[in-house]
Amino acid sequence: MKTLSLVRHAKSSWKNAALTDQARPLNKRGKRDAPRMGRRLATAGVRPDLLISSPAVRALTTAETIAEEIGYPGDRIQIAEAIYLGGTAAILDVVSDLDDSLNHVMLFGHNPDFTDLVNTLTGSHIENVPTCGIARIELETDSWKDLGTTAMRLLDFDYPKRVDD
């Protein structure tokens with residue numbers, strides 16, 4: 001069995017119009033929600049083998065914050081350009097190329113790709129993965145290369161406004 005967790009970046013700031021999209025930081029709510037969601041994961045005993053992030057500042061900051069909360073070494077977070085607005089096919093390529101020794105991988109990225117991916121892989125009808133939303137997907141396989149051809153189910157879908165801490 002494999003587990004793929006998709007984490008949409010926490011809420012970002014649009015305050016500085018001079019910043020590129022990729023350089024936008026988290027806003028106040030994002031800085032509050034990312035550690036809260038990380039604590040929820042830690043409490044649930046979620047311990048991924050690998051964290052991979054989009055290079056966008058808002059996604060990487062979310063990954064670093066959650067990593068700290070779950071006890072994952074921040075210097076081991078990998079960056080994958082394809083997760084930054086590369087589309088679902090590019091994200092699937094990233095996942096399919098993972099080493100099979102990894103059983104749980106957590107990706108940090110963006111919408112609409114993450115909502116589309118959750119729905120495509122699991123047959124779910126999630127309207128929107130909100131900022132800092134986390135979808136955990138179980139794959140009935142021993143190889144990431146089987147992604148898309150194996151049975152998958154949505155294990156959990158959580159987001160900041162779902163439950164108040």
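Reader: In this predicted model, contact means heavy atoms within 4.5 Å. Leaving aside its neighbours within four places in sequence, which residues is Thr 115 in contact with?

Author: Thr 115 belongs to helix H4, residues 113-122. Once neighbours within four places in sequence are set aside, its contacts are Ile 126, Glu 127, Asn 128 and Val 129.

Reader: Is Thr 115 buried or exposed, and what is its relative accessible area?

Author: Buried means under 20% relative accessible area. Thr 115 is buried because its value is 6%.

Reader: Which backbone atom does the side chain of Thr 115 reach, and at what distance?

Author: Val 129 is among the residues in contact with Thr 115. The side chain of Thr 115 reaches the backbone nitrogen of Val 129, at 2.8 Å.

Reader: How far apart are the end C-alpha atoms of helix H2, against the span its residues should give?

Author: Helix H2 covers residues 57-70, which is 14 residues. At 1.5 Å a residue these should span 20 Å, and the separation of the end C-alpha atoms agrees: 20 Å.

Reader: Within what arc do the buried residues of H2 fall, seen down its axis?

Author: The buried residues of H2 are Arg 58, Ala 59, Thr 62, Ala 63, Ile 66, Ala 67 and Ile 70. They line one face of the helix, because seen down the axis they fall within an arc of 165 degrees.

Reader: Which elements do the buried residues of H3 pack against?

Author: In helix H3, residues 88-96, the buried residues are Ala 90, Ile 91, Val 94, Val 95 and Ser 96. They pack against strand E1 (2-8), strand E2 (50-53), strand E4 (104-109) and H4.

Reader: Which strands stand at the edges of the sheet?

Author: The sheet is open, with 6 strands in the order E3-E2-E4-E1-E5-E6 and mixed pairing. Two strands each have a single partner, so one side of each is left without a neighbour in the sheet: E3 (78-79) and E6 (152-158).

Reader: Which residue in E4 is the bridge partner of Leu 51?

Author: E2 and E4 run parallel and are joined by 4 bridges. In E4, the partner of Leu 51 is Met 106.

Reader: Which residues touch the most other members of the largest nonpolar core?

Author: In soluble globular proteins, nonpolar side chains tend to be buried together. Leu 107 is in contact with residues including Leu 4, Leu 6, Ile 83, Ile 91 and Phe 114. Ile 52 is also in contact with Leu 107. Of the 44 residues in this core, those touching the most other members are Ile 52 and Leu 107.

Conventions: Residues are numbered from 1 along each chain as its sequence is written. This is a predicted model: local features need pLDDT of at least 70, side-chain atom pairs count only at pLDDT 80 or more; totals for chains, interfaces and linings use all residues. Side-chain values use heavy atoms; hydrogens and water are left out. Buried means under 20% relative accessible area, exposed over 50%, partly exposed in between (1.4 Å probe, protein chains only). A polar contact is a pair of N or O atoms within 3.5 Å; within protein, one must be able to donate a hydrogen and the other to accept it, and residues adjacent in sequence count only if both atoms are side-chain atoms. The expected span of a helix is 1.5 Å times one less than its number of residues. The arc is that of the directions from the helix axis to the C-beta atoms. A nonpolar core is a set of buried Ala, Val, Leu, Ile, Met, Phe, Trp, Tyr and Cys residues joined through side-chain atoms within 4.5 Å. Two strands pair if DSSP finds at least two bridges between them.
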